[in-house]
Amino acid sequence: MSSEPIPLGKALASFDALWSPRIVTRVNDYDVRVAKVAGEHVWHVHDDTDEFFLVLDGELHISLREPDGERTVLLPQGAIFTVPRGTEHKPFAPSGAAILMFEPAGTPTVGDRHDEIPDHVDSTTGHALGT
């Protein structure tokens with residue numbers, strides 16, 4: 001990891017792939033990842049960890065399947081939201097967005113359980129910045 005400041009705009013400009021997060025730094029045993037997103041991700045669950053989202057640009061929607069039913073949260077630029085562990089969810093960005101995520105290193109982007117993974121979703125634990 002870099003010992004110099006990392007401009008997030010420059011990090012985001014270094015790749016074009018959607019739903020394919022880049023690891024910008026590590027905090028203890030957690031990855032800080034940035035991603036460009038557009039369209040729909042996949043319904044998935046992280047059984048053992050929460051998932052933190054910060055919208056850097058654009059707008060992100062996250063559909064959640066909770067005990068009381070399904071709901072969707074809307075995250076405009078600058079908003080944060082944490083999906084609790086064990087909650088089935090599906091992020092989507094109808095008009096595109098840039099997001100920052102904070103989760104334990106090695107956490108798969110499609111969770112521990114998921115629907116069929118479409119071709120536009122990268123099933124990864126994050127890529128090094130610059131790849």
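The protein exposes about 6,800 Å² (Shrake-Rupley method, 1.4 Å probe), and carbon and sulfur atoms supply 50% of that area. Keep in mind that this is a predicted model, where local features need pLDDT of at least 70, side-chain atom pairs count only at pLDDT 80 or more, and totals for chains, interfaces and linings use all residues. Residues are numbered from 1 along each chain as its sequence is written, and side-chain values use heavy atoms, leaving out hydrogens and water.

**Overall build**
- You will find one helix and nine strands here (DSSP runs: H or I of at least four residues for helices, E of at least two for strands).
- Following the sequence gives the pattern α-β-β-β-β-β-β-β-β-β.
- The radius of gyration, taken over C-alpha atoms, is 14 Å, close to the 14 Å that the globule rule (2.2 Å times the number of residues to the power 0.38) gives for 131 residues, so the protein is as compact as a globular protein of that length.

**Inside and contacts**
- Of the 131 residues, 44% count as buried, meaning under 20% relative accessible area with a 1.4 Å probe and protein chains only.
- Among contacts (heavy atoms within 4.5 Å) with a separation of 6 or more, 67% join residues 24 or more positions apart.

**A look at Thr125**
- Thr125 sits in the loop between strand S8 (113-114) and strand S9 (127-128).
- Leaving aside neighbours within four places in sequence, Thr125 touches Ile23, Asp31, Arg33, Gly106, Thr107 and Pro108.

Notes
Buried means under 20% relative accessible area, exposed over 50%, partly exposed in between (1.4 Å probe, protein chains only).
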